[in-house]
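Here's a quick briefing to read with the model open beside you. Take it one topic at a time, and find each residue on screen as you go.

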Amino acid sequence: MKQKLIVEGHNDILVISHLLLAKRLRISGYEDKVRYEKELVSIGNGKQGALKDLKLALKTGELDRIGLIVDADSETENPVLDTWRSVSHILRQNGYQNIPTEPNPLGTIVQQEGKPQVGVWIMPNNVQAGYLEHFFEQLIDANDPYLLEATQITGGFIAQERNRFQPVHLQKAKIRTWLAWQNDPESPMGLALRDYPTLGYMSLEVPLLIAFLDWLKQTFETKEV
């Protein structure tokens with residue numbers, strides 16, 4: 001079975017890869033690191049690039065299953081629905097008919113006879129505007145004092161107009177501030193998912209993550225190891 005996982009950036013795939021490792025879950029046929037990186041994963045370097053990769057994947061005629069993970073980060077009135085419309089348009093252009101008018105909050109699976117199954121997850125939760133760092137925050141205890149402090153400080157910089165980062169990147173600034181205060185200040189989000197749950201800084205049992213992993217298992221052929 002030939003499968004393809006399409007994401008926007010390197011951080012996305014690092015987080016997903018470490019989630020799979022932490023949960024002892026593998027995408028069947030791509031257990032080898034080289035095959036995983038060279039054949040399964042496609043990094044679009046942004047939303048438009050990921051959507052372009054989806055178009056190419058659908059046109060190959062060689063794939064059985066495709067998973068697309070993109071952000072709802074556009075500065076429009078309804079970023080989630082606008083992102084879904086962009087995806088839906090591509091699917092219709094490629095002959096898919098049974099497409100829901102809005103994404104499933106638990107992740108969407110689109111099937112059409114004779115065509116690859118396509119799973120779509122719109123970060124962070126298929127409902128709210130945001131991106132990977134919003135998803136990541138849901139794995140941190142809401143009462144974590146470091147998270148509360150990072151929220152106050154980064155938000156305070158914007159309120160005082162002292163921020164050097166763009167306001168749209170507030171969430172990125174907050175999560176990276178939180179990461180910088182942990183036992184390994186250089187740890188990126190992906191590696192944090194490997195180490196921090198065992199230290200009690202994060203949880204891999206939150207409803208959002210359970211839903212995301214269930215979507216992954218429906219989108220791809222997977223196995224537990």
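A residue is called buried when its relative accessible area is under 20%, exposed when it is over 50%, and partly exposed in between, using a 1.4 Å probe and protein chains only. Because Glu-133 has 2% relative accessibility, it counts as buried.

Some ground rules: this is a predicted model, where local features need pLDDT of at least 70, side-chain atom pairs count only at pLDDT 80 or more, and totals for chains, interfaces and linings use all residues. Residues are numbered from 1 along each chain as its sequence is written, and side-chain values use heavy atoms, with hydrogens and water left out.

**The whole chain**

- The protein chain has 9 helices and 7 strands; these are DSSP runs numbered from the N terminus, with helices (H or I) of at least four residues and strands (E) of at least two.
- For 225 residues, a compact globule would have a radius of gyration near 17 Å, and the protein chain agrees with its 18 Å. That radius is taken over C-alpha atoms, and the globule rule is 2.2 Å times the number of residues to the power 0.38.
- Along the principal axes, the C-alpha atoms of the protein chain fill a box of roughly 55 × 40 × 25 Å.
- Of the 225 residues in the protein chain, 48% are buried.
- The protein chain exposes about 11800 Å², with carbon and sulfur atoms supplying 48% of it. Accessible areas come from the Shrake-Rupley method with a 1.4 Å probe, and for residues only the protein chains shown count as cover.
- Take the contacts (heavy atoms within 4.5 Å) in the protein chain between residues at least 6 apart in sequence: 65% of them join residues at least 24 apart.

**Glu-133 and its surroundings**

- Glu-133 sits in helix α5, which covers residues 132-137.
- Not counting residues up to four places away in sequence, Glu-133 touches Gln-171, Lys-172, Ile-175, Arg-176 and Met-189.
- The side chains of Glu-133 and Lys-172 are joined by a polar contact of 3.5 Å. A polar contact is a pair of N or O atoms within 3.5 Å; within protein, one must be able to donate a hydrogen and the other to accept it, and residues adjacent in sequence count only if both atoms are side-chain atoms.

- You'll find Tyr-131 in the loop between β6 and α5, and at 6% relative accessibility it counts as buried.
- Leaving out residues up to four places away in sequence, Tyr-131 touches a list of residues including Asp-71, Met-123, Pro-124, Val-168 and Lys-172.
- A polar atom of the Tyr-131 side chain lies 3.0 Å from the backbone oxygen of Val-168, and the side chain of Tyr-131 also reaches the backbone nitrogen of Gln-171 at 3.4 Å.
- Lys-172 lies over the face of Tyr-131, at 4.6 Å from the ring centre. A charge sits over a ring if NZ of Lys or CZ of Arg is within 6 Å of the ring centre and within 35 degrees of the ring normal.
- Arg-35 lies over the face of Tyr-30, at 4.6 Å from the ring centre.

**Aromatic pairs**

- Rings of Phe, Tyr and Trp (its six-membered ring) pair if their centres lie within 6.5 Å; planes under 30 degrees apart count as stacked, over 60 as edge-to-face and the rest as tilted.
- By this rule, the count is 7 aromatic pairs.
- Trp-121 and Trp-215 have ring centres 5.9 Å apart and planes at 55°, so the pair is tilted. This pair links distant parts of the chain, 94 residues apart: Trp-121 is in strand β6 (residues 117-123) and Trp-215 is in helix α9 (residues 207-219).
- Trp-121 is buried, with a relative accessible area of 0%, and Trp-215 counts as buried at 1%.
- Phe-136 and Trp-178 have ring centres 6.2 Å apart and planes at 70°, so this pair is edge-to-face. Phe-136 is in helix α5 and Trp-178 in helix α7 (residues 170-180), 42 residues apart.
- Both Phe-136 and Trp-178 are buried.
- One aromatic cluster is formed by Trp-121, Phe-135, Phe-212 and Trp-215.

- Thr-83 is in helix α4 and is buried, with a relative accessible area of 3%.
- Glu-77 lies in the loop between β4 (65-71) and α4 (79-93), and at 83% relative accessibility it counts as exposed.
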